[in-house]
Amino acid sequence: MLLAHRIRLDPAPVQRDYFARAAGTARRVWNWALAEWQRQMVAGQRPDAMALKKQFNAIKYAHPDWLNADGQPWLRSIHRDAHSQPFANLAKAWGRYFAALREHRPAHRPVFKKKGRCRDIFYVANDKLRLVGKCVVLPKVGPVPLRESLRWPGKIMGASVSREADHWFLALQVEVPEQVALLHRSGDGVTGVDLGLSTAATLSSGEKIDAPRPLKAALRRLRIRNRRQSRKVKAAKVASGISGRIPKGTRLPVSANRTKGARTLARLHARIACVRKDFIHKLTTRLCRENQSVVIEDLNVSGMLANARLARAIADVGFYEFRRQLQYKATRYGTTLVLADRWYPSSKLCSRCGIRHGGLMLGERTWTCDHCGAQHDRDVNAAINLQRLATGAFAAQSALPVASLAATPGTAADIGSAGGGKVTPVRHEHGQQDGSGQEQNDAHF
Ligand SMILES: [Zn+2]
């Protein structure tokens, strides 16, 4: 099983400097390749990554764009992996784009990367790095201390070095043997999980789990720092005599205080991401460890993010990340993850009698069933409906002895016919990163 371990690095100043240059090279090569790809497409050719790489190799030590002030090819000081990987990533990005087009999903073309706007990341092939004690030996920079040792035995398949705020991280993809990767479950429950805004998660057992409080405090701090930073940008605009939109290609004068402000802001962003991730990790581990089956709603997240008022709250909870982690942890614990169809009206059905309740507003936290008079907490009711969906799906596949359950009113069989909910068992995918930088728009950042 392919698992990734991300370890913080402690690079020396020279090494940090190299990392920044290598990431910058990867970005610049990506931009060159994308521009060339687009040019060839417009010219009616069929660009491909291999040919493009050859084309680049022919000019990279000769073309004036790739020579420094002394006329020397600066690319020689950066390891080859950093400037060959972008071609493969670009091919993958175009592949995803065309696949999405074919399947009529929302498709996004690969975009140019901009310094400070994209992730600083570069790739290192597995035969170019060695782990020696608590160090990683990387090409061109030698041993870099690691903050922790690699968690798993197994063959290293690839690595990338990336920056988050002030810190550099090494992400190692490891092919971990099954007997190590698979984990023991502590329970055999079946749980429905309703992800929400006021409560981060509600379980079908009635338990409500709130998002961590440090997040709220940090978000307040974030607003303050954002405001301070935007004042500095405004001052820089005034100083250079620009009003309104900043014209493309202009560089505002950079003050030391603005650089410092940007750094503190980035650190806070990183901290918020960490708090959020930690919370999601603990919750998803618990869900997978204690249950043989977990049901979540396949929320139309991008549709909901389009709603500006909802967007903030949804992004805070980190739905994408929640689902991604559930997916790979379910594989490790042997838990079945069930995705309820996004049109399954989990919050509108009465979990006692199965009658659909019309006209439920988003603000209504509790409601009473007109048919059987049951009092429902909106989130708990939805979670129970999701859980029933799983037991129903299991009965159909005869994986679990729940046939008797389906015969009683108000259970999965009933709801299935009343609501028409469709169940899609989730494909197990590895959370493999490809370093293409296309993930920078993800909601949880
Ligand atoms: Zn009812």
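A residue counts as buried if 20 or more other C-beta atoms lie within 10 Å of its own, with C-beta atoms placed from the backbone. By that criterion, buried residues account for 30% of the 445 residues in the protein chain of this predicted model. The chain contains 12 helices and 15 strands, and of the contacts between residues at least 6 apart in sequence, 69% join residues at least 24 apart.

**Strand β11 and its partners**

- Strand β11, which spans residues 291-297, has 6 of its 7 residues buried, so this strand is largely enclosed by the rest of the structure.
- Strand β8 (residues 189-195) runs parallel to β11 and is joined to it by 5 bridges; within this pairing, Thr-191 has Val-294 of β11 as its bridge partner.
- Strand β12 (residues 336-340) is likewise parallel to β11, with 5 bridges joining the two, and here Val-295 stands opposite Val-338 of β12.
- As a general point, strands of a sheet pair through backbone hydrogen bonds, either parallel or antiparallel.

**The antiparallel sheet β3-β4-β5**

- An open sheet is formed by 3 strands in the order β3-β4-β5, with antiparallel pairing.
- Its edge strands are β3 (130-132) and β5 (142-145), each of which pairs on one side only.
- Direction ignored, neighbouring strands of this sheet are turned by 35° against each other on average.
- Between β3 and strand β4 (residues 135-138), which run antiparallel, there are 3 bridges, and Arg-130 stands opposite Val-137 of β4.

Terms used
Residues are numbered from 1 along each chain as its sequence is written. This is a predicted model: local features need pLDDT of at least 70, side-chain atom pairs count only at pLDDT 80 or more; totals for chains, interfaces and linings use all residues. A residue is buried if 20 or more other C-beta atoms lie within 10 Å of its own, exposed if 12 or fewer, and partly exposed in between; C-beta atoms are placed from the backbone. Helices (H or I, at least four residues) and strands (E, at least two) are DSSP runs, numbered from the N terminus. Two strands pair if DSSP finds at least two bridges between them. Two residues are in contact if their C-beta atoms, placed from the backbone, lie within 7 Å. Axes are lines fitted to C-alpha atoms, for helices over the stretch in contact, and angles run from 0 to 180 degrees between N-to-C directions.
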